[in-house]
There are 2 protein chains.
Amino acid sequence: MSEGSSGGGQRGETLLYLTDEQLRKGIEAMFFAYKGFTSDPDRILETRGYGRAHHRAIHFIGRAHGTTVNNLLAILGVTKQSLNRVLRTLIEDGLVESRVGTRDKRERHLFLTEEGETLERALSEVQQARMREAFRIAGPGAVAGFREVLEAMMDPEMRRRYQRLAETGQ
Amino acid sequence: MSEGSSGGGQRGETLLYLTDEQLRKGIEAMFFAYKGFTSDPDRILETRGYGRAHHRAIHFIGRAHGTTVNNLLAILGVTKQSLNRVLRTLIEDGLVESRVGTRDKRERHLFLTEEGETLERALSEVQQARMREAFRIAGPGAVAGFREVLEAMMDPEMRRRYQRLAETGQ
DNA sequence: CATTTTATGTCAGCCTTGTTGACATTGCCA
DNA sequence: TGGCAATGTCAACAAGGCTGACATAAAATG
């Protein structure tokens with residue numbers, strides 16, 4: 001069962017940071033921090049009648065200009081029906097533009113319009129402000145550790161996507 | 001890839017770790033990592049017909065035995081109607097027990113039953129396993145940084161709850 | 001003691017966002 | 001030309017948020 005490190009745990013003083021207690025704290029920290037992480041954008045989105053799904057779409061379209069629907073589906077990890085509903089409203093509202101691919105005409109390439117970029121900036125501004133403050137308080141060493149742990153926590157495929165995005169913007 | 005990011009952190013120098021690019025990476029890391037963080041428990045919950053809301057309730061009841069409904073509401077940050085729906089099914093299914101308070105008979109104190117504890121262990125086992133592996137890969141220094149940043153990212157009230165939970169179990 | 005407040009539960013209805021399944025269109029490619 | 005890929009769309013459903021309204025019991029207060 002829960003053969004964690006708490007029961008017999010003395011043997012590795014060096015592994016103190018791997019006790020059940022430490023892991024539990026990590027789990028709860030993720031929960032509470034994620035709440036904070038999403039709260040500021042949520043407030044902005046609410047005034048527009050959008051939700052987190054819209055934010056995610058806007059973020060990754062703004063991040064990888066001209067990305068295809070399929071690529072976005074893979075990044076977000078939702079069904080096309082689910083994404084399409086969100087995408088449709090964003091296009092109708094004039095925040096996103098969908099252009100037929102030139103190389104492959106089956107593909108649609110997605111772009112933020114002027115208005116879409118404005119909203120994107122507003123959203124990332126508040127989210128970045130919170131993260132900037134957290135980074136500033138914690139300091140550069142902590143930030144490096146933060147990212148190392150998060151990266152190690154991702155599913156391998158998501159880690160690849162994350163790294164590819166970070167490096168190439170696609 | 002954590003490629004060092006912060007280079008120097010000399011004081012007059014750059015604060016390179018606070019660039020928009022670094023912040024964006026942090027934001028995306030949170031997104032992808034949270035996905036991984038919840039994926040293992042989600043798989044278990046699915047087989048039982050439960051969702052994340054059930055997991056959260058089970059986690060915090062298991063964490064703070066005998067907590068009241070009101071306390072749980074504050075921790076989870078949802079409405080009582082929302083929590084009640086989840087709590088009702090957990091009680092009906094015999095995973096949670098609700099006892100009338102002795103000091104204040106208006107209060108209900110919540111406990112996991114034997115079966116509830118079994119599920120709780122199964123859920124936290126897989127979640128802890130992922131976090132243990134991430135912590136092991138990243139190492140103790142990174143873990144400390146990870147928690148510092150997450151803590152700084154919480155809303156103050158949530159930070160207080162988090163710390164209180166971590167210290168007193170209530 | 002009467003009144004108000006608190007803690008909880010419940011009904012009803014709405015919204016977002018996820019799901020599955022089915023089907024149509026278009027265009028690439030062998 | 002036939003098959004597969006990329007996309008869009010319709011329909012139905014579920015989880016889990018939300019609000020509003022109302023009920024009950026018990027504590028707290030004037």
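**View 1. Packing around helix α3 of chain B.** In this predicted model, the buried residues of α3(B) pack against α1 (20-48) of chain A, and also against α2 (52-63), β1 (67-68), α4 (80-92), β3 (108-112) and α7 (156-168) of chain B. Contact here means heavy atoms within 4.5 Å. Helix α3 (residues 69-76) of chain B has N71(B), L72(B), L73(B), I75(B) and L76(B) as its buried residues. A residue is called buried under 20% relative accessible area, exposed over 50%, and partly exposed in between, with a 1.4 Å probe and protein chains only. Helices (H or I, at least four residues) and strands (E, at least two) are DSSP runs, numbered from the N terminus.

Residues are numbered from 1 along each chain as its sequence is written, and chains are lettered from A, with ligands numbered from 1, in the order in which they are written. Because the model is predicted, local features need pLDDT of at least 70 and side-chain atom pairs count only at pLDDT 80 or more, whereas totals for chains, interfaces and linings use all residues; side-chain values use heavy atoms, with hydrogens and water left out.

**View 2. The open sheet of chain B.** In chain B, 3 strands form an open sheet in the order β1-β3-β2, with antiparallel pairing. Its edge strands are β1 and β2 of chain B, each of which pairs on one side only. Two strands pair if DSSP finds at least two bridges between them. β1(B) and β3(B) are joined in the antiparallel sense over 2 bridges, and T68(B) stands opposite H109(B) in β3(B). Strand β2 (residues 96-100) of chain B runs antiparallel to β3(B) and is joined to β3(B) by 5 bridges; here S98(B) stands opposite L110(B) of β3(B). β3(B) is mostly covered, with 4 of its 5 residues buried.

View 3. Between β1(A) and strand β3 (residues 108-112) of chain A, the antiparallel pairing extends over 2 bridges. T68(A) has H109(A) in β3(A) as its bridge partner.

**View 4. The surroundings of V96(A).** V96(A) lies in strand β2 of chain A. V96(A) counts as buried because its relative accessibility is 3%. Leaving aside neighbours within four places in sequence, V96(A) is in contact with I61(A), L90(A), I91(A), L110(A), F111(A), L112(A) and T113(A). The C-alpha atoms of V96(A) and A29(A), 67 residues apart along the chain, are separated by 35 Å.

View 5. Over all chains, the count comes to 13 aromatic pairs. Rings of Phe, Tyr and Trp (its six-membered ring) pair if their centres lie within 6.5 Å; planes under 30 degrees apart count as stacked, over 60 as edge-to-face and the rest as tilted. The rings of F135(A) and F146(A) form an edge-to-face pair, because their centres are 5.7 Å apart and their planes stand at 70 degrees. F135(A) belongs to helix α5 (residues 114-138) of chain A and F146(A) to helix α6 (residues 140-153) of chain A, so the pair ties together parts that are 11 residues apart in sequence. F135(A) and F146(A) are both buried. The rings of F31(B) and F32(B) are also edge-to-face, because their centres are 5.1 Å apart and their planes at 65 degrees; both F31(B) and F32(B) are buried. The charged end of R99(A) sits over the ring of F111(A), 3.8 Å from its centre; a charge sits over a ring if NZ of Lys or CZ of Arg is within 6 Å of the ring centre and within 35 degrees of the ring normal.
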